[in-house]
Amino acid sequence: MGRVKTLPNFLTLLRILALPFVVVSIIGGHFKLALALFLLCAFTDFLDGFLARRFKSVSSLGILLDPVADKLL
């Protein structure tokens with residue numbers, strides 16, 4: 001995973017990488033797919049926050065990336 005050393009950071013990165021797929025789904029009129037992807041992203045947002053707090057794996061990268069992922073979606 002390179003610099004993304006924790007599972008919460010990896011989930012946050014996946015959320016950011018999912019953004020183009022959500023946008024393309026909306027543009028293509030595939031609203032159910034876009035909704036499913038968005039809900040999956042929302043779940044990973046909850047999960048990464050829960051895991052970071054539960055296992056005390058809060059990192060500087062996560063502190064920066066999580067709000068960026070939230071704003072993008």
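Is Asp45 buried, exposed or partly exposed, and what is its relative accessibility? Asp45 comes out as partly exposed, at 26% relative accessibility (buried is under 20% relative accessible area, exposed over 50%, partly exposed in between, with a 1.4 Å probe and protein chains only). This is a predicted model, where local features need pLDDT of at least 70, side-chain atom pairs count only at pLDDT 80 or more, and totals for chains, interfaces and linings use all residues. Residues are numbered from 1 along each chain as its sequence is written, and side-chain values use heavy atoms, leaving out hydrogens and water.

**Salt bridges around Arg15**
- The structure has four salt bridges (a side-chain nitrogen of Lys or Arg within 4 Å of a carboxyl oxygen of Asp or Glu).
- Arg15 is buried, with a relative accessible area of 2%.
- Arg15 pairs with Asp45, with the closest N and O atoms 3.4 Å apart; that joins helix 1 to helix 2, 30 residues apart (helices are DSSP runs of H or I, at least four residues, numbered from the N terminus).
- Asp48 also bridges to Arg15, at 2.5 Å between the closest N and O atoms.
- Asp66 is another partner of Arg15, at 2.6 Å, and this pair links helix 1 with helix 3, 51 residues apart.
- Arg15, Asp45, Asp48, Asp66 and Asp70 are linked in a salt-bridge network.

**Helix 3**
- Gly62, Leu65, Asp66 and Ala69 are buried in helix 3.
- Those buried residues fall within an arc of 110° seen down the axis, so they line one face of the helix (the arc is that of the directions from the helix axis to the C-beta atoms).
- On the other side, Ser60, Ile63, Leu64 and Lys71 are exposed.

Definitions and conventions. Helices (H or I, at least four residues) and strands (E, at least two) are DSSP runs, numbered from the N terminus.
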